[in-house]
Amino acid sequence: MIACLALLLVCQLTGEVIVRMTHLPIPGPVIGMGLLFLGLVIRGKTPPILEETANRLLSHLSLLFVPAGVGIMMHLGLIGANWLSIGVALLISTAVTIAVSGWLMQRLAARGR
Amino acid sequence: MLPDQLQTIWVYLAATPLLGLTLTLVVYLIGQFLFLKSRRMPLLNPVLVAVVLLILLLKLTGTPYQTYFQGAQFVHFLLGPATVALAVPLYRQLPVLRRSILAILAALVAGSLTAALSAMVIARSLGASPSIILSLAPKSVTTPIAMGISEQIGGLPSLTAALVLLTGICGAVIGVAILDRLRINDPKARGLALGVACHGIGTARALQDSETAGAFAGLAMGLNGLVTALLVPLLARLF
């Protein structure tokens, strides 16, 4: 368990260092995800204990967004003053993006089979 | 209890991280309880309920966000390792990934363009100011990338952070219903759509849908950050 958490943190840390060195427009944890993925591909299997730790952590991924979400309160004024344009843009854009990318992926994946 | 005794306790609690941390967990549990009790009614999404309740609570008690965040940062910190952990479900999908890499890339670029262009066009047609339009452009990618893009193109990074979260919550609330309505049943497509349109919050929602969906959402979220960082600065020149 501790070893797995250390592994995840080492990947994240390496990702952060790579970002600082290369100025890539990607956050450190996402690079860390790529590194761990590469490691698993090279190793050829996921150790069961890592599998378990990852599942534990990911089963409550939603919770981890709450603190940042509460930060919306800092911008209530600006959002409130532009609520119509922001609200409509967010709602329609999100809906259309989900529809377009989901539909295209389903079509193309079915064809490739 | 005497009022001044209450006051002493409040002064103590407000100064420690304990209160913010405890409140975050308790309010999230309330959100999850309501979500499951209502048979997953979309509007009772646990993140939405928790965020609304916490904002109300902080506003009512006059507590600044910074004070709350001193406690909540311990939960926030876990976002990093959790993002890294997404490699595990992703690796499980390796055979599928190899087979459909072209489909993934095509859907990704289409999704990234749609997300940025539609938001900018709609906001402009409704008369939003240029800084708001530009702050909206990177709304579908994960917060740190979105803030970087926003700054680069002349938006307001901190407003972008709030818009990114609103987009995520919006997608978590309406996303699954849209996919069901359009009969998009392939878990790969469901996950990719949620990951492209609403980053980590979409990924969290996709993980509740199925493991395959979660893995594809995590992949889409990561790649979309890269694609959007390349495309949006070009699109922004049109506005």
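I'm counting helices (H or I, at least four residues) and strands (E, at least two) as DSSP runs, numbered from the N terminus. With that settled, I went to the loop between α2 (17-37) and α3 (46-61) of chain B, where B:Arg39 lies.

Housekeeping before going on. I'm looking at a predicted model, where local features need pLDDT of at least 70, side-chain atom pairs count only at pLDDT 80 or more, and totals for chains, interfaces and linings use all residues. Residues are numbered from 1 along each chain as its sequence is written, while chains are lettered from A and ligands numbered from 1 in the order in which they are written.

**The loop in chain B**

B:Arg39 is not a glycine, yet I find a positive phi of about 55° there. B:Arg40 is found in the loop between α2 and α3 of chain B too, and has a positive phi of about 60°, again without being a glycine.

**Helix α1 of chain B**

I checked the span of α1 (residues 3-15) of chain B. The number of buried residues in α1(B) is zero, so the helix lies largely in the open.

**B:Gly191**

Next I looked up B:Gly191, in helix α12 (residues 187-209) of chain B. B:Gly191 is buried, with 33 other C-beta atoms within 10 Å. What does it touch, beyond neighbours within four places in sequence? I call two residues in contact if their C-beta atoms, placed from the backbone, lie within 7 Å. The partners of B:Gly191 include B:Ala206, B:Thr212 and B:Phe216. B:Thr212 sits 21 residues away along the chain, with 7.3 Å between the two C-alpha atoms.

**Where the chains meet**

How many residues does each chain bring to the contact? I get 92 residues from chain B and 65 residues from chain A. Helix α11 (residues 157-181) of chain B gives the largest share of chain B's side, 16 residues. That side has 64 nonpolar, 23 polar and five charged residues. For the classes, Ala, Val, Leu, Ile, Met, Phe, Trp, Tyr, Cys and Pro count as nonpolar, Asp, Glu, Lys and Arg as charged, and the others, Gly among them, as polar.

**Two helices in chain A**

The axes of α1 (residues 2-22) and α3 (residues 48-58) of chain A come within 9 Å and cross at roughly 70°. I count α1(A) and α3(A) as roughly perpendicular therefore. Here A:Cys4, A:Leu5 and A:Leu7 meet A:Ile49, A:Leu50 and A:Thr53. The contact has five nonpolar, one polar and no charged residues.

My angle notes: axes are lines fitted to C-alpha atoms, for helices over the stretch in contact, and angles run from 0 to 180 degrees between N-to-C directions. Under 35 degrees is roughly parallel, over 145 roughly antiparallel, 65 to 115 roughly perpendicular, and the rest oblique.

Note on methods
Buried ≥ 20, exposed ≤ 12 C-beta atoms within 10 Å, placed from the backbone.
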